[in-house]
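Hi,

Here is the structure I promised to pass on to you. Have a look at it first, and then read my notes below.

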Amino acid sequence: MMKKLYEKSELSFALFWIVVYCIAQSTAFPLSQMIGIESAANAAFSVILTVILFCWVKKNGLMERYGLCRTSLPAARFLWYLPLVLLVSENLWNGVAINFPLAGTLCYMTNMLCVGFLEEILFRGFLFKAIIAKDGAKKAIIISSVTFGLGHLLNLLNGRGMELVTNLCQVTGAIAIGFLLVTIFYRGGSLWPCILTHSGIDVVSTFGSEAGLTDTGRIILNLIRSAIVIAYTLILMRTLPEGEEGGHQQSE
């Protein structure tokens, strides 16, 4: 079934799995609350979907197409990824806290680790590659990044109780980071730096402190993060080779 949908339309395949992911994550949250363990159902779903999609990509010989391979560009061309390391630490900028009991902490971290892979393969992998084949790089970069950011609006509706300012900072930050990560994939040919960064940011959020953080503070932190992201993106756009997966030539 998956292969037939993919062969019929890569874009439909991408949108199908994005919808499945969003619905399942939103549905799993209240289930986790019923279980009484933070992110328990989310973690189970994420692990299952990660295994399914990774195995499907590998089985169908699409590892290089979706960037599950190494880039041929040296780390120096990416400034040794140091700005990404800084971004991974962002959720600790307001301090460190133990937010959940042990079981909840482990489930939350497991979910976040898988979310990094799933959202990258869905938005920067499936969706980006489908659009670039149809409409070119510029449109693919914009749509995959904006769609990824706007998807975080679901946090206003899925019962998590997220406040509007917090969610808007999350959405705008995700759009900015989306542009950076898709640039890394498009210019470097590997999705792994994007996956590791995304998973790192989300896993570290397990221990982020919200104590004393006002709306103004959130906006300031978001502006600092955005400045780092924009600067790094512009540097990579100016220094990395042009063209689809510039650092990894592949056959379609």
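A term to start with: a residue counts as buried under 20% relative accessible area, as exposed over 50%, and as partly exposed in between. Lys3 has a relative accessible area of 38%, so Lys3 is partly exposed. Please keep in mind that this is a predicted model.

Now to the charged pairs. Side chains of opposite charge can pair when their charged atoms come close. The count of salt bridges here comes to 8, and these are some of them.

Lys3 forms a salt bridge with Glu7, at 3.6 Å from N to O. Both belong to helix H1 (residues 2-8), and because they are 4 residues apart there, about one helical turn separates them. Glu7 is exposed, with a relative accessible area of 56%.

Another pair is Glu90 and Arg225, whose side chains meet at 2.6 Å, N to O. Glu90 sits in the loop between helix H4 (82-88) and helix H5 (102-135), while Arg225 is in helix H9 (residues 215-239), so this pair ties together parts that are 135 residues apart in sequence. Glu90 and Arg225 are both buried.

Arg218 and Glu210 also form a salt bridge, at 2.5 Å from N to O. Arg218 is buried, with a relative accessible area of 16%.

Finally, take a look at Arg187 in helix H7 (residues 164-188). Arg187 is buried, at 7% relative accessible area, and its side chain reaches the backbone oxygen of Met237 at 3.0 Å.

Happy exploring!

Note on methods:
Residues numbered from 1 in each chain as written. Predicted model: local features only at pLDDT ≥ 70, side-chain atom pairs only at ≥ 80, totals over all residues. Heavy atoms only, no water. Helix = DSSP H or I, 4+ residues; strand = E, 2+ residues; numbered from the N terminus. Buried < 20%, exposed > 50% of the residue type's maximum accessible area, 1.4 Å probe, protein only. Polar contact = N/O pair within 3.5 Å; in protein donor to acceptor, adjacent residues only side chain to side chain. Salt bridge = Lys/Arg side-chain N within 4 Å of Asp/Glu carboxyl O.
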